[in-house]
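Me: I would like a close look at a single part of this protein. Please take me through it step by step and connect it to the rest of the chain.

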Amino acid sequence: AQCDLVKATEFYMPVLQDFSDNTRARQGLAEVAKIEDYRKKLSEGDALRKEGRLSDAILKFRAADKVMSTSDVKQRLEETNYELLMAQCTQAIKAKQWQVAHGHVAALEREYPNDQAVKELRAVVDKNYKRDPHGP
């Protein structure tokens, strides 16, 4: 796919050199630049996600989505958002911050109402929240 972008650039550049007012060539180069920008943002988001920097990854994926909205970037956004919410909730549970965990579970339930892992977190949070809502 990267090879195709290089070939497209190699095709359009000489046309513009010879015919600087060629609208089709300008549009082609603009499209190539757009695709390259999208891929760069997607790749940066993937790297951030792999590092566990989920909030930063979401920002990159949103930026990629603004450049070019695709099912691929939407799926990455959905998955990374889920991972972030689950991590935040799990962290609050480990810290016994039941009120915070309660809020995170509520957000998860709004986004993923049928998810079994979310239901299991709800049970843990409810059990402890009623006893000690503020935790230690």
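**A tyrosine and its helix partner**

Reply: Tyr 112 is buried, with a relative accessible area of 11%. This comes from a predicted model. The cut-off for buried is under 20%, so a value of 11% falls within that class.

The ring of Tyr 112 has a partner. A search of the whole structure finds 1 aromatic pair. In that pair, the ring centres of Tyr 82 and Tyr 112 are 4.9 Å apart and the planes meet at 85°, so the arrangement is edge-to-face. Tyr 82 belongs to helix H4, while Tyr 112 sits in the loop between helix H5 (98-111) and helix H6 (116-129), so the pair ties together parts that are 30 residues apart in sequence. Tyr 82 itself is partly exposed, with a relative accessible area of 23%.

Helix H4 runs over residues 71-94 and has 24 residues. From the first C-alpha to the last, H4 reaches 34 Å, close to the 34 Å expected at 1.5 Å a residue.

Which residues of H4 are buried? They are Val 73, Arg 76, Leu 77, Thr 80, Leu 84, Leu 85, Met 86, Cys 89, Ala 92 and Ile 93.

Thr 80 is one of the buried residues of H4. The relative accessible area of Thr 80 is 0%. Leaving aside residues up to four places away in sequence, Thr 80 touches Arg 49, Leu 54, Ala 57, Ile 58 and Phe 61.

Just after H4, Lys 96 takes a positive phi of about 60°.

Finally, the setting. The secondary structure of the protein comes to 6 helices and 0 strands, and along the sequence the pattern reads α-α-α-α-α-α. Of the 136 residues, 32% count as buried. Among contacts between residues at least 6 apart in sequence, 50% join residues at least 24 apart. The protein exposes about 8800 Å², and carbon and sulfur atoms supply 52% of that area.

Key. Residues are numbered from 1 along each chain as its sequence is written. This is a predicted model: local features need pLDDT of at least 70, side-chain atom pairs count only at pLDDT 80 or more; totals for chains, interfaces and linings use all residues. Side-chain values use heavy atoms; hydrogens and water are left out. Helices (H or I, at least four residues) and strands (E, at least two) are DSSP runs, numbered from the N terminus. The expected span of a helix is 1.5 Å times one less than its number of residues. Buried means under 20% relative accessible area, exposed over 50%, partly exposed in between (1.4 Å probe, protein chains only). Contact means heavy atoms within 4.5 Å. Accessible areas come from the Shrake-Rupley method with a 1.4 Å probe; for residues, only the protein chains shown count as cover. Rings of Phe, Tyr and Trp (its six-membered ring) pair if their centres lie within 6.5 Å; planes under 30 degrees apart count as stacked, over 60 as edge-to-face and the rest as tilted.
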